[in-house]
Amino acid sequence: MNNPTNYVRLGVLALLWGSSFLLIKLALEALSPTQIALTRIVLGAAVLIALCTLRGLRLSNDRKLWRHIAVAALFGSALPWVLFGLGEQTVDSGLTGVLNATTPLWTVLFGLFAGREAMPPARLGGLLLGFFGVVLIFAPWQGGSLLGWGVLACLGAAVSYGIGYVYIGRNLTGNHGLPPLTLAAMQMIAATGYALLALPLDGLRPVSWDPLALLAVAVLGIFGTGLAFAINYRIIGEEGATTASTVAYLMPIVSVLLGWLLLGEELGLRVLLGMAIVLLGVALTRRTTTPKPVAGSEIEEDEMSNQLRSEPTTRTDELPPIGPLSAWARFRLALLRGSQLYAELATNHPMK
């Protein structure tokens, strides 16, 4: 790394995001899922707005931009956070972290609707391998013991993240003239509205007095939602998106270890093997077929740094337009676009 301190930042980020599932599990002792989602969103928004104020950044008044922000807030924040809370009522925090690790695969899949580039065989194989890992985790041949509504809710949250990443990539990246930190604050503000609308579902009950649970949701909102955004942006600005994205491989490991150490949760060998296969599949979906020259890598890193400084960027590594293609070729092209969206955009808009 250019700055050795970023090794520490990356570890802190993995701990903050990987522990979010443990914190949700603890918070459920005092609050309902919608209460947890609302609290973490409000606290995260407060932190991000404070950071914007300190840096002299102002929110946009563009109605069209706010409409895009509203969609991103629904699929990238409010909906998955409510679903994770609902799911963890019956699902261990470690397994929730494993299911969340499938987010890049869903991002690639939904990228079918957004891409026109060639799909290397390694990436297609990674996608198929990743979903094989998901099937191994669920093990439907054993009677579907893991296919309860809680697991489906957690998986639905990962799917929602995938939709959110693709939408952000198409509508909120590089054409608005705003720093990512400002967009993050706006997204949290919009997500607050959704959380308030969802509150009547199960959030009108009294909050139980449990100091540990209340502390958990406070840490989740202030550190895991607000401060983690700022840390991630710092890593991207100094090291680039590729380096920052390695946190995706550390998060499920952290969630499994914390659930085992602090809550006594146990994951069977099959689930752990499925997690390893999912992460291997994710790694393959983000491989390139030919090594990039050093100059190209430097351009990519500089572009991400420029974006963090609100300077419009122009990609120099996109392939030229391709003529009429077969259905299979279009399928492969779209899958590549999805993998690029995750590698280049998801890390720039963390929603964990």
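A residue is called buried when its relative accessible area is under 20%, exposed when that area is over 50%, and partly exposed in between, as computed with a 1.4 Å probe and protein chains only. By this definition, buried residues make up 53% of the 352 residues in the chain. The structure is a predicted model, in which local features need pLDDT of at least 70 and side-chain atom pairs count only at pLDDT 80 or more, while totals for chains, interfaces and linings use all residues. Residues are numbered from 1 along each chain as its sequence is written, and side-chain values use heavy atoms, with hydrogens and water left out.

The secondary structure consists of 15 helices and zero strands. Helices (H or I, at least four residues) and strands (E, at least two) are DSSP runs, numbered from the N terminus. Contact means heavy atoms within 4.5 Å. Of the contacts between residues at least 6 apart in sequence, 91% join residues at least 24 apart. The chain exposes about 15,500 Å², and carbon and sulfur atoms supply 66% of this area. Accessible areas come from the Shrake-Rupley method with a 1.4 Å probe, and for residues only the protein chains shown count as cover.

Leaving out residues up to four places away in sequence, L13 touches A228, I231, N232, I235 and V247. The C-alpha atoms of L13 and I231 are separated by 7.0 Å, although the two residues are 218 residues apart along the chain. Helix 2 (residues 20-27) has seven of its eight residues buried, so it is largely enclosed by the rest of the structure. The buried residues of helix 2 are S20, F21, L22, L23, I24, K25 and A27.

S160 is found in helix 8 (residues 149-171). S160 counts as buried because its relative accessibility is 2%. Apart from its neighbours within four places in sequence, S160 is in contact with L74, F75, L79 and P80.

Axes are lines fitted to C-alpha atoms, for helices over the stretch in contact, and angles run from 0 to 180 degrees between N-to-C directions. Angles under 35 degrees count as roughly parallel, over 145 as roughly antiparallel, 65 to 115 as roughly perpendicular and the rest as oblique. A crossing is left-handed if the near helix is turned anticlockwise from the far one by less than a right angle, and right-handed if clockwise.

Helix 6 (residues 103-110) packs against helix 13 (residues 269-285) at an angle of about 45 degrees, with their axes 9 Å apart. The two helices are therefore oblique to each other, and the crossing is left-handed. In this pair, P104, L105 and V108 of helix 6 meet V278, G281, V282 and T285 of helix 13. By class, the contact has five nonpolar, two polar and no charged residues. Ala, Val, Leu, Ile, Met, Phe, Trp, Tyr, Cys and Pro count as nonpolar, Asp, Glu, Lys and Arg as charged, and the others, Gly among them, as polar.

The axes of helix 12 and helix 13 come within 10 Å and cross at roughly 170 degrees. Helix 12 is therefore roughly antiparallel to helix 13, and their crossing is right-handed. A248, Y249, P252 and V256 of helix 12 make the contact with L272, M275, L279, V282 and A283 of helix 13. This contact has nine nonpolar, no polar and no charged residues. Y249, in helix 12 (residues 247-263), is partly exposed, with a relative accessible area of 22%.
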